[in-house]
Amino acid sequence: MVTLKDILKAKENISDVVHQTPMLTSEQLDEKCGNKLFLKSEHLQKTGSFKIRGASNKVKQAVKDGATYITAASSGNHGQAVAYIANKLGIQATIVVPEDVIASKENAIAAYKSEIVYCGRTSAERLPKAKELAKKREGLFIPPYDDPLIIAGQGTVGLEIMEQVKDADFVLVPVGGGGLISGIATAVKEINPKVQVIGVEPELADDTYQSLKKGTITSIGPTTTIADGLRSSQPGDMTFPIMQKYVDDLVLVSEQEIKTALFFVMERMKQVIEPSGAVTVAAAMFNKLDVQNKRIVCVISGGNADLRKLQGLFLE
Ligand SMILES: *Cc1c(COP(=O)(O)O)cnc(C)c1O
């Protein structure tokens, strides 16, 4: 299992690559929520999401161990992060993307000089392809969340939260495969177990909610939630036990609630964030915790919104 020590090591390892991101606040938002909110702004992170933290921790170690070629399977933020760090460290990377990849994300990966391979439309098709390429060219496959170095890297968000908001009552974290919340919860709970760590999932992608309730990893079918970073079908083998140990609760938000939060943060706070990053603000705005006058940290996990699709989102 990943420990606070691993996360402190990750912090040192990646400090020359990642930004310490700011905590944004809004009196209007606080008034709306009846709580004091702190938005941990990973949409302002390098590559536009927290994914660079885990990816750089993992890839730096791989290069130390002699790797000269890496692969990843991703339609989005993990692919951009892996492409960025490979380019920075001067090694070759291949990112396997879906045939219907969004142009803005493909352009970002290409700008970081990674090779792009198109494969199918689902992660079930992409994953084996990326693993096969790694094997064929004696490289290393970089997983998106189920890996101790990735989890430790994401945990550095938790270290910064504990330094920036000394007396937080709650930390809200979006949950996809569970790498981000596993890292954050480990850091937070091993520094101060009194701080409550709460996961947030869309109602349409409640795989971890169901899994935690049943006490066993449970799969859901394909989902269409607008929070495309949270569309995982089940929690990871490595992340699930960490979530069972450290996550206090998990709450669900509707598609409409996500849109309302996204709109508020964009219009009032002037921040470009993506739907996956808005779920924590949605949980606070619609008071899913049922609390008042508490200090709540909302992790905004990313800002890689497809701007061409935004208008359609709000008109729906
Ligand atoms: C990947 C991602 C998530 C989910 O992270 P997991 O480690 O898979 O739980 C949340 N938000 C954004 C923006 C992401 O890119």
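## Helix α5

The face of α5 turned away from its buried side carries Asn 107 and Ala 111, both exposed (exposed means over 50% relative accessible area, buried under 20% and partly exposed in between, with a 1.4 Å probe and protein chains only). This is a predicted model, in which local features need pLDDT of at least 70 and side-chain atom pairs count only at pLDDT 80 or more, while totals for chains, interfaces and linings use all residues. Residues are numbered from 1 along each chain as its sequence is written, and side-chain values use heavy atoms, with hydrogens and water left out.

Helix α5 spans residues 103–111, and its residues Lys 105, Ala 108 and Ile 109 are buried. Seen down the axis of α5, the buried residues fall within an arc of 95°, so they line one face of the helix; the arc is that of the directions from the helix axis to the C-beta atoms. They pack against α4 (77–89), β4 (92–97) and β5 (115–118), where contact means heavy atoms within 4.5 Å. Lys 113, which follows α5, has a positive phi, near 70°. Helices (H or I, at least four residues) and strands (E, at least two) are DSSP runs, numbered from the N terminus.

## The mixed sheet

An open sheet of six strands has the order β1-β2-β10-β7-β8-β9, with mixed pairing; two strands pair if DSSP finds at least two bridges between them. β1 and β9 (249–253) stand at the edges with a single partner strand each, so one side of each is left without a neighbour in the sheet. Helix α11 (residues 255–269) packs on the sheet and touches β1, β2, β8 (196–202) and β9, its direction making about 85° with that of β9. Helix α12 (residues 275–285) also packs on the sheet, touching β2, β7 (170–174), β8, β9 and β10, and its direction makes about 160° with that of β10. For these angles, axes are lines fitted to C-alpha atoms, for helices over the stretch in contact, and values run from 0 to 180 degrees between N-to-C directions.

Strand β2 (residues 36–41) has five of its six residues buried. Strand β1 (residues 23–24) runs antiparallel to β2 and is joined to it by two bridges: Met 23 stands opposite Lys 40, and Leu 24 has Leu 39 as its bridge partner. With strand β10 (residues 295–300), β2 pairs in the parallel sense over six bridges, and Leu 37 stands opposite Ile 296 of β10.

## Nonpolar cores

The largest nonpolar core has 35 residues, and Leu 29, Leu 172 and Val 281 have the most contacts inside it. Such a core is a set of buried Ala, Val, Leu, Ile, Met, Phe, Trp, Tyr and Cys residues joined through side-chain atoms within 4.5 Å. Leaving aside neighbours within four places in sequence, the contacts of Leu 172 include Ile 198, Val 200, Ala 283, Ile 296 and Val 299. A second, separate core has 34 residues, including Phe 50, Ile 151, Val 175 and Ala 187.

## Helix α10

In helix α10 (residues 239–246), Thr 239, Phe 240, Ile 242, Met 243 and Tyr 246 are buried. Down the axis of α10 these residues fall within an arc of 165°, so they line one face of the helix. They pack against α7 (148–164), α8 (179–191), β8 and α9 (207–214).
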